[in-house]
Protein chains: 4
Amino acid sequence: MAIFKAETTIKVPFYDNDPMGVVWHGNYVKYLEIARCDTLAKIGYDYMDMKNDGVMYPIAKLDMKYIKPSTFAQNLRMVTVIEELEPSLIIKYEIFDEKGEKIFKGKSMQICVNIETKQSVYVAPQRFKELLNV
Amino acid sequence: MAIFKAETTIKVPFYDNDPMGVVWHGNYVKYLEIARCDTLAKIGYDYMDMKNDGVMYPIAKLDMKYIKPSTFAQNLRMVTVIEELEPSLIIKYEIFDEKGEKIFKGKSMQICVNIETKQSVYVAPQRFKELLNV
Amino acid sequence: MAIFKAETTIKVPFYDNDPMGVVWHGNYVKYLEIARCDTLAKIGYDYMDMKNDGVMYPIAKLDMKYIKPSTFAQNLRMVTVIEELEPSLIIKYEIFDEKGEKIFKGKSMQICVNIETKQSVYVAPQRFKELLNV
Amino acid sequence: MAIFKAETTIKVPFYDNDPMGVVWHGNYVKYLEIARCDTLAKIGYDYMDMKNDGVMYPIAKLDMKYIKPSTFAQNLRMVTVIEELEPSLIIKYEIFDEKGEKIFKGKSMQICVNIETKQSVYVAPQRFKELLNV
């Protein structure tokens with residue numbers, strides 16, 4: 001179930017392409033981070049807010065499925081969906097090319113960690129929850 | 001079951017670390033590719049051999065699990081295991097830090113694709129199989 | 001003297017920052033390429049047009065001067081100026097932070113190379129010159 | 001004049017190559033950092049020692065000259081020469097391919113900066129100088 005959904009567009013830079021002429025698979029991790037940061041900015045709760053609340057959200061798991069390749073100068077549309085906030089932050093990603101075809105699916109799990117104690121926290125910061133109405 | 005197993009060591013470069021002072025999670029995809037290429041070189045069947053056999057092996061799926069962080073200048077030991085060759089190439093990866101603790105687990109699935117027709121091929125090239133005794 | 005001038009804005013992604021909390025110096029090369037590709041797109045003569053004209057423009061020299069650091073989520077304004085088209089393509093870059101302060105200066109030299117013969121060509125393709133009125 | 005000279009070898013990873021099938025020019029900045037860190041390790045004065053001495057050495061200038069391309073899986077030999085230690089750290093780099101041909105030349109200038117005051121310091125830490133006999 002979607003707690004929050006956002007869209008982000010990026011243009012594939014030249015340097016992300018490999019000798020096959022397509023985006024090297026590892027570069028999608030960057031696109032996911034751009035999508036995630038943009039989504040958090042739209043919620044109004046970014047990395048700086050996390051820090052101010054004494055937590056950080058390191059990536060614990062990342063699953064990626066490559067459906068079709070993308071190439072230099074393509075405009076990619078990324079759909080980011082926050083699925084769960086507690087006990088861990090689960091985000092799903094889909095990337096579509098200019099023809100509207102789905103080229104990529106991904107899912108990340110992030111653990112809320114107390115910056116000082118380095119301990120996992122299974123409840124999200126109050127302000128994050130309020131902004132998401134959960 | 002392991003068809004082939006190899007070990008590769010890398011030293012974490014400065015530029016792979018993020019503002020938290022640890023390796024940014026997306027950089028592990030690079031380490032996996034270094035491990036995979038090193039493993040293929042040890043088998044004696046690299047990207048050039050694939051090309052000569054008219055195939056390529058794009059990544060179709062990649063799952064990563066981050067257990068502990070790693071930091072600048074650490075020597076990481078990567079254990080790469082080829083688990084399946086057909087119908088698709090399944091490789092598992094484990095990364096250990098200098099204390100011998102497991103910090104990362106990953107799994108990739110690659111599809112054998114005919115370079116000319118761009119069609120998936122569910123059998124591996126003969127020479128690849130012979131080198132792996134399968 | 002400026003043959004053509006364009007502006008490009010980018011937002012600094014998290015993964016471009018190093019343990020000092022600032023953009024790692026090597027990542028500016030990516031920003032310059034984004035600025036250069038955007039400038040060429042505005043001229044109407046991109047990498048694909050070069051290819052169609054049988055040439056490519058590899059980087060032969062790149063000089064960079066780092067004035068101030070930039071950090072995650074900053075919007076950077078890049079000013080790109082094409083200074084010379086022949087015998088080689090000389091482009092100057094300046095990057096400004098959100099306060100309008102200049103944080104970076106760079107200069108690239110690119111050689112026009114015939115794709116087939118791999119020989120340097122000291123005259124630019126006719127269409128490139130026409131679009132730039134030189 | 002060379003204050004210190006060291007050699008470092010790297011193997012070009014697949015993901016550093018662009019659609020032209022050669023190393024993307026921006027990736028050489030990474031190779032220079034690997035060469036610089038290896039050189040400092042050989043001197044016995046690395047980033048951690050700098051930190052312990054209360055200084056850091058951000059890159060202020062970087063000039064690069066690309067002579068020939070390099071490609072996937074090539075072993076590159078990098079020769080790093082520390083030319084000046086004061087008032088700023090000047091390092092020159094040359095990269096040679098497997099045939100012994102020079103493919104790249106670079107030069108970096110780093111400023112010694114006091115970590116706390118963020119002020120430039122024009123003298124190098126005593127221990128750094130002793131290790132280099134200057």
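A salt bridge here is a side-chain nitrogen of Lys or Arg within 4 Å of a carboxyl oxygen of Asp or Glu. Keep that cut-off at hand for these exercises on a predicted model.

**Exercise 1. Describe the interface of chain D and chain A: its extent, and the kinds of contact found in it.**

*Solution.* 

Step 1. Begin with the residues: seven of chain D are in contact with seven of chain A.

Step 2. Turn to area. About 760 Å² is buried between chain D and chain A, and 82% of that comes from carbon and sulfur atoms. On the chain D side, D:Phe14, D:Pro19 and D:Trp24 lose the most area to chain A, together 62% of what that side buries.

Step 3. Apply the salt-bridge rule: the count between chain D and chain A is zero.

Step 4. Sort the chain D side by class. The side that touches chain A has four nonpolar, two polar and one charged residues.

**Exercise 2. Work out the strand order of the open sheet in chain C, and explain why β2 and β8 each have one side without a neighbour in the sheet.**

*Solution.* 

Step 1. Look at the ends. In chain C, β2 (55–56) and β8 (120–121) stand at the edges with a single partner strand each, so one side of each lacks a neighbour in the sheet.

Step 2. Zoom in on one pairing. Strand β7 of chain C, residues 112–114, pairs with β8(C) over two bridges in the antiparallel sense. Within β8(C), C:Ser120 is the bridge partner of C:Val113.

Conventions. Residues numbered from 1 in each chain as written. Chains lettered and ligands numbered in written order. Predicted model: local features only at pLDDT ≥ 70, side-chain atom pairs only at ≥ 80, totals over all residues. Heavy atoms only, no water. Contact = heavy atoms within 4.5 Å. Buried area = accessible area lost by both parts, 1.4 Å probe. Nonpolar A, V, L, I, M, F, W, Y, C, P; charged D, E, K, R; others polar. Pairing = 2+ DSSP bridges. Helix = DSSP H or I, 4+ residues; strand = E, 2+ residues; numbered from the N terminus.
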